[in-house]
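Trainee: Please take a close look with me at one part: the interface between the chains. I would like to follow it step by step.

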Amino acid sequence: MSNQLVMFISQIFNGLKIGSVYSLVALGYTMVYGIIRLINFAHGDFIMVGAYVLMLTAPVIIAVGMPGWLAVVPAILVCVAVGILVEKAAYKPVRERGNSMTALITAIAMSLLLENGGQAVFGADYKTVPTIFNMPSLTFGALRISGDTLLTIVLGMAIMVGLQLYVSYTKRGKAMRAVSEDKEASILMGVNINSTITLTFAIGSGLAAIASLMYVVAYPQVSPTMGAMLGLKAFVAAVLGGIGSIPGAMIGGLTIGLVESLTKAYIGTITAGVITSAFSDAIVFGILIIVLLVKPSGLMGRNEGEKV
Amino acid sequence: MKKSILSTKQSYLACALAVVALFLLLMAVCESGLASTYIKGIMMTACIAIIMTTSLNLTIGVLGQLTLGCCGFQAIGAYSAALTSKFIVAQGIAMDDVSRFLISIVVGGVIACIFGIMVGIPALRLHGDYLAIITLGFGEIIRVIIQNLKFAGGLGLSKGQQGQALIGIDRLANLYVVFWITVITVVFLFMFGRSRYGRAVKAIRDDEIAASASGINTTYLKVLVFAISAFFAGIAGGIFAQYIGSLNPAMAGWLNSINYVIMVVFGGMGSITGSIVSAIGLTILPELLRAFSEYRMLVYSIALILVMIFRPQGIFGSWEFSISRVINRVFYRKHGNPPADVPVPVAAVSQTADVQSAVSQPADVQSAVSQSADGQSAGDEPEHNRKERP
């Protein structure tokens with residue numbers, strides 16, 4: 001294999017790896033948005049919370065002699081607790097009293113609160129996370145694909161499929177879909193909306209914890225603002241795939257990951273240096289703008305007419 | 001409702017006198033040496049914040065659309081103004097400082113306004129959450145592009161360097177000039193809000209579909225509001241550039257925009273008084289609490305959540321301060337109620353309550369339907385009616 005081809009394939013795998021992280025985060029956005037029509041700006045910061053929990057618990061768990069990835073269990077518990085707390089303490093009262101703009105401002109404020117809270121507790125600096133697991137890498141001639149890349153991609157796929165099955169076939173999942181379709185009607189059908197919304201937040205936050213594990217395995221450092229950009233890009237992924245759609249979040253996440261990694265690698269040579277890799281964030285947002293203007297419902301979303 | 005003792009002209013005069021008095025006070029404080037450079041700096045920052053907040057209030061409070069990209073326009077205005085100022089010097093055009101300052105900030109405002117229209121036309125097809133996120137995206141794109149422009153870094157223009165802060169901007173901003181620019185901005189935005197256009201914009205906020213059904217050109221008005229907002233954000237940026245003397249692309253980032261959104265929301269969405277008070281308050285407060293600066297954003301975010309839970313319309317709601325109302329109150333307290341037979345002119349200027357009583361019909365959009373034909377539309381809708389919107 002030529003060097004260029006090897007480089008291209010490894011870029012693709014890089015893109016799929018970060019894309020899987022985006023997908024997991026985007027799933028959280030998409031579920032919450034689907035059910036209460038709120039962009040949960042704080043969702044990216046749940047990842048930050050999860051990453052700090054991993055940083056603190058992984059050494060303890062490894063020292064006890066258990067496999068390091070078990071640290072994801074406390075991370076999930078903490079993230080779920082934070083998610084439910086955020087929903088109960090802030091979003092629910094605002095949802096009952098205000099309009100969609102006040103809810104969005106609350107979400108932004110919650111994101112700032114988590115970021116600055118993290119900064120007050122842990123300091124603003126980057127901190128390194130100990131190696132959580134070592135996977136053997138696969139080698140095909142010159143091509144070398146690290147094990148955790150494959151694991152990330154496979155795990156992302158598995159979670160997406162599992163979630164899709166859960167939402168389609170279980171009673172709770174059907175309740176979720178019913179609430180996102182029509183709140184009033186689902187109350188009449190005996191669905192407890194409050195517990196359904198709480199469950200949605202819990203699942204979304206749990207996914208954020210798993211995403212934080214994937215993220216710190218790939219980039220082993222944490223900082224209080226790590227979730228902000230990650231969350232925004234995952235939101236772009238959710239919009240691209242069609243907000244409210246689970247396979248859409250997956251496809252959107254992988255697309256954004258691939259676009260990001262390929263533009264970083266090649267955009268400079270393609271445009272002869274006019275657009276450099278420094279533009280990669282701008283390109284991601286450019287995609288968002290084009291999608292919103294051309295097909296606001298996203299790739300897999302349904303088109304909903306405006307109700308009078 | 002008691003009638004005002006002031007005629008329209010008299011209440012204009014009272015406002016003008018109050019502004020002049022404020023200016024004389026400012027001059028007295030500055031000239032007598034009571035205000036140090038530090039205090040003057042805070043006043044300058046407060047003026048910039050007032051321009052930003054009141055103009056953002058037009059989009060958030062009056063139009064009811066949340067944008068998170070205002071600092072993108074501020075940055076465009078700042079960079080354009082700084083480069084214009086540098087360009088004038090480089091061309092060797094002789095000009096006194098004040099006119100160079102004014103020309104450069106107007107250029108900054110106009111360029112920001114052009115970008116506002118360019119961004120607004122596509123973006124305003126969306127609303128609510130999507131508009132917020134798309135303006136955020138535009139802000140980030142502007143930041144990245146500025147970062148990578150060769151002429152907008154280093155010493156600027158032909159001596160520019162990519163990826164650096166723009167430095168060496170002449171610090172021409174003069175507190176007195178900036179004060180009057182702020183006054184003009186506030187007066188303009190206030191009058192716009194009360195004009196026929198402003199009432200139409202409020203109708204769009206309250207119910208877009210009903211507004212468009214009653215013949216209001218919603219797209220045109222939304223883009224107009226967006227452009228006005230961007231223009232003043234550009235002006236504020238131009239002042240900022242020539243006050244600080246150096247610019248960093250990071251100023252276009254969305255966290256900065258959120259600072260101004262916080263000011264608008266605290267003050268009250270739709271209240272210019274609220275915007276001014278919270279812009280001044282939130283500029284001074286961090287200076288007083290320097291020791292706790294680490295926890296500033298922490299406190300802000302908690303306060304913001306509490307405001308959203310307990311008073312979603314902001315501290316002032318849509319209440320406006322009015323001098324003629326204060327005068328009336330003082331007058332009536334002294335002299336009791338006016339005799340019923342004295343014809344009293346209604347001062348419609350700067351009085352929320354009077355506008356409502358002048359419109360006299362139930363102020364909902366449906367009545368705007370019947371009124372818009374003869375050039376009127378609904379006044380402010382009472383807050384309790386506008387909380388719950390599907």
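Mentor: Happy to! Between chain A and chain B there is 1 residue pair in polar contact, with both residues at pLDDT 80 or more; the term stands for a pair of N or O atoms within 3.5 Å, where within protein one must be able to donate a hydrogen and the other to accept it, and residues adjacent in sequence count only if both atoms are side-chain atoms. Do keep in mind that this is a predicted model, where local features need pLDDT of at least 70 and side-chain atom pairs count only at pLDDT 80 or more, while totals for chains, interfaces and linings use all residues. Residues are numbered from 1 along each chain as its sequence is written, chains are lettered from A and ligands numbered from 1 in the order in which they are written, and side-chain values use heavy atoms, leaving out hydrogens and water.

Salt bridges (a side-chain nitrogen of Lys or Arg within 4 Å of a carboxyl oxygen of Asp or Glu) number 0 across the interface of chain A and chain B. Still, 46 residues from chain A and 44 residues from chain B take part in the contact, meaning heavy atoms within 4.5 Å. Together, the two chains bury about 4000 Å², with 77% of it on carbon and sulfur atoms; buried area is the accessible area (1.4 Å probe) that two parts lose on being put together, summed over both. Of the area that chain A buries against chain B, 16% comes from A:R97, A:M101 and A:L293, more than from any other three residues.

Now look at chain A's side. Helices α3 (72-97), α4 (100-122), α9 (226-241) and α11 (280-294) of chain A each give two or more residues to the side that touches chain B; helices are DSSP runs (H or I, at least four residues), numbered from the N terminus. With 13 residues, α4(A) gives the largest share of that side. Sorted by class, the side of chain A that touches chain B holds 32 nonpolar, 8 polar and 6 charged residues.

Finally, the whole structure has 8 salt bridges over all chains. One to find is between the side chains of A:D281 and A:K233, at 2.9 Å from N to O. This pair links distant parts of the chain, 48 residues apart, with A:D281 in helix α11 and A:K233 in helix α9 of chain A.

Definitions and conventions: Nonpolar A, V, L, I, M, F, W, Y, C, P; charged D, E, K, R; others polar.
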